[in-house]
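Hi everyone, thanks for coming. Let's look at one structure together, starting with its rings and then moving to its core.

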Amino acid sequence: MSTKKDDKKASAEGEEVPRKSKKILILILVAVVVLAAGGGAAWFFLVKNKSHAEENKKKLSESTAPALFVPLDRFTVNLVQEQGDQVLQLGITLKTYDPELEEKIKKEMPEIRSRLLELLSSKRASELQTLQGKKRLAAEILYLTNKILGFKKTPPPDLVPSAVPVAQAPAAPPAMGNSGGLAAALQQADAKAVVAAPPKPVSVRDFLPEPNEDGGSRDGVVDVLFTDFIIQ
């Protein structure tokens with residue numbers, strides 16, 4: 001009898017061993033899955049934080065990078081005739097914060113000079129003699145140069161102020177009779193002379209750099225500086 005009981009007990013213990021092994025195996029697999037998921041999440045956050053840190057570092061280095069100045073050869077062009085032949089001698093320097101852009105400017109220099117020569121030769125001396133005219137020219141050169149280099153920039157605003165309306169003298173009514181000539185002369189003498197509005201006085205603020213129209217972007221050429229500006 002004792003032998004049968006021992007056999008049953010041994011058989012039950014033998015069945016419990018595989019069950020315990022399966023439970024242990026399941027627990028191990030669950031632990032491995034949890035650790036893998038936690039490791040994957042940790043790796044994702046570490047990589048994400050690292051990329052953010054590198055991006056912030058790049059932005060910080062770009063914001064603190066010194067300006068670079070790329071001078072162009074002097075331009076000499078004939079202006080549109082107003083009072084005889086007039087020539088413009090212009091020195092241009094491009095301002096940028098991208099150290100790799102200087103080489104790109106050199107590669108694109110033939111097209112840059114060609115487009116700028118076309119632009120400059122379309123101007124009149126009267127357009128360029130005022131401060132606003134010079135600022136408009138700088139904005140046009142900036143936009144045109146960036147477009148050639150492949151940068152999308154805001155088109156230059158119209159820097160020329162709107163013309164101030166000038167009061168016109170009233171037209172003289174038609175003369176009557178033989179005294180028409182004398183009556184017309186008297187009416188013209190009584191008419192008020194047309195006086196042009198005085199020009200706006202120039203302030204030192206007018207010479208400050210223009211605000212960036214692209215939200216402070218440092219891509220491409222950010223400013224155009226004139227080193228020579230001679231009209232003869």
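**Rings, core and one lysine**

Phenylalanine 229 is partly exposed, at 22% relative accessibility; that label covers values between buried, under 20% relative accessible area, and exposed, over 50%, with a 1.4 Å probe and protein chains only. Please keep in mind that this is a predicted model, where local features need pLDDT of at least 70, side-chain atom pairs count only at pLDDT 80 or more, and totals for chains, interfaces and linings use all residues. Residues are numbered from 1 along each chain as its sequence is written, and side-chain values use heavy atoms, leaving out hydrogens and water.

Which residue lies over the face of phenylalanine 229? That is lysine 134, at 4.8 Å from the ring centre. To count, NZ of Lys or CZ of Arg must be within 6 Å of the ring centre and within 35 degrees of the ring normal. Arginine 218 lies over the face of tyrosine 97 too, at 3.8 Å.

Now the core. The largest nonpolar core has 25 residues, and Leu90 and Ile141 are among those with the most contacts inside it. Such a core is a set of buried Ala, Val, Leu, Ile, Met, Phe, Trp, Tyr and Cys residues joined through side-chain atoms within 4.5 Å.

Finally, is lysine 123 buried or exposed? Lysine 123 is buried, with a relative accessible area of 10%. Its side chain joins that of glutamate 140 through a polar contact of 2.9 Å. Here we mean a pair of N or O atoms within 3.5 Å; within protein, one must be able to donate a hydrogen and the other to accept it, and residues adjacent in sequence count only if both atoms are side-chain atoms.
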